[in-house]
Amino acid sequence: DMRDSVRGVCPSLRGKRVCELGAGAGLPGIAVAAHAGAASVLLTDLFMHTVQNLEDNVALNNVLLRDVETRVSARSLDWSDQEQWPKERFDVLIGSDLVYDTAMVPTLVTVVKGMLLGEGAAGGGDGDEGGGVFYYAASTTERDGMVEFVAAMQEAGFELSTRAVAPRAYHTNPLHEATQTKCDLHFGGLKSKEFELFEWRI
């Protein structure tokens, strides 16, 4: 189920400050908030109507979130405007399918490095190793810029500690009490695409 998927992909989030970049509907961030024991989860996207949708989705998932201590919030974030970046840095960033154009790679790498705790920083949570972690999931097809993104992250000082094909559990229906038909309607690519999971450390 979603709980096992979150724990398998992101095993060390308890007590962490987590931010999802380009959250869209907020599924990964809400799943982390519900099942990973994070201290806080901030869902971000560029457009205010998307942020409103994120807030609505948090409210709709109250059945999953009401019994956890994780603080969940949503806000607008323009990656290219550092004045908009949160003042605090995060232990963990998460994102999925953020790269679709080579031209956006430098901006994404800059915001990831700028918002993560740096090497040797005193972060929170159990089993903390210091420094920040960026968990990233991406389709293996139809994504221009992925080769350049990997190279740019390494050039920026990130260590690619894990790169793996997503397990089959990643493709299962993530919706609470919803049919597979409804899942296919909203997440059509889950069945037809392969995904890679990346763990970047600074």
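Two residues are in contact when heavy atoms of theirs lie within 4.5 Å. The model described here is a predicted one. Its secondary structure consists of eight helices and seven strands, and 43% of the 202 residues of the protein are buried. Where contacts link residues at least 6 apart in sequence, 73% of them join residues at least 24 apart.

The seven strands make up an open sheet with mixed pairing, in the order E3-E2-E1-E4-E5-E7-E6. Strand E1, residues 17-20, pairs with strand E4, residues 92-96, in the parallel sense over three bridges. Within this pairing, valine 18 stands opposite valine 92, and cysteine 19 stands opposite leucine 93. E4 also pairs with E5 in the parallel sense, here over five bridges, and leucine 93 has phenylalanine 134 of E5 opposite it. E4 is largely enclosed by the rest of the structure, because four of its five residues are buried. Helix H2, residues 27-35, lies across E1, strand E2 (40-45), E3 and E4, and runs at about 175° to E2.

In soluble globular proteins, nonpolar side chains tend to be buried together. In this model the largest nonpolar core has 30 residues, and the members that touch the most others are Leu21, Val112, Phe134 and Phe149. Helix H5 (105-115), strand E5 (133-139), helix H6 (146-155) and strand E7 (195-201) each contribute at least two residues to this core. H5 provides the largest share of the core, with six residues. Valine 112 touches Leu21, Leu93, Phe134, Met153 and Phe158, when residues up to four places away in sequence are not counted. Another core, of 20 residues, lies apart from the largest one; Ile30, Ala38, Leu54 and Ala74 are among its members.

The C-alpha atoms of cysteine 19 and aspartate 91 are separated by 8.5 Å, although the two residues are 72 residues apart along the chain. Glutamate 20 is also placed in strand E1. Glutamate 20 counts as buried because its relative accessibility is 1%, which is under the 20% limit for buried residues. A polar atom of the glutamate 20 side chain lies 2.8 Å from the backbone nitrogen of glycine 29. With residues up to four places away in sequence not counted, glutamate 20 touches Gly26, Pro28, Gly29, Leu42, Leu43, Thr44 and Ile94.

Two loop residues were also considered. Threonine 70 is found in the loop between helix H4 (62-65) and E3. With a relative accessible area of 10%, threonine 70 is buried. Its side chain has a polar atom 2.6 Å from the backbone oxygen of alanine 38, and the side chain also reaches the backbone oxygen of alanine 33 at 3.5 Å. Neighbours within four places in sequence left aside, threonine 70 is in contact with Ala33, Gly37, Ala38, Ala39, Ser40 and Val41. Aspartate 97 lies in the loop between E4 and H5. This residue has a relative accessibility of 25% and therefore counts as partly exposed. The phi angle of aspartate 97 is near 50°, a positive value in a residue other than glycine.

Key. Residues are numbered from 1 along each chain as its sequence is written. This is a predicted model: local features need pLDDT of at least 70, side-chain atom pairs count only at pLDDT 80 or more; totals for chains, interfaces and linings use all residues. Side-chain values use heavy atoms; hydrogens and water are left out. Buried means under 20% relative accessible area, exposed over 50%, partly exposed in between (1.4 Å probe, protein chains only). A nonpolar core is a set of buried Ala, Val, Leu, Ile, Met, Phe, Trp, Tyr and Cys residues joined through side-chain atoms within 4.5 Å. Two strands pair if DSSP finds at least two bridges between them. Axes are lines fitted to C-alpha atoms, for helices over the stretch in contact, and angles run from 0 to 180 degrees between N-to-C directions. A polar contact is a pair of N or O atoms within 3.5 Å; within protein, one must be able to donate a hydrogen and the other to accept it, and residues adjacent in sequence count only if both atoms are side-chain atoms.
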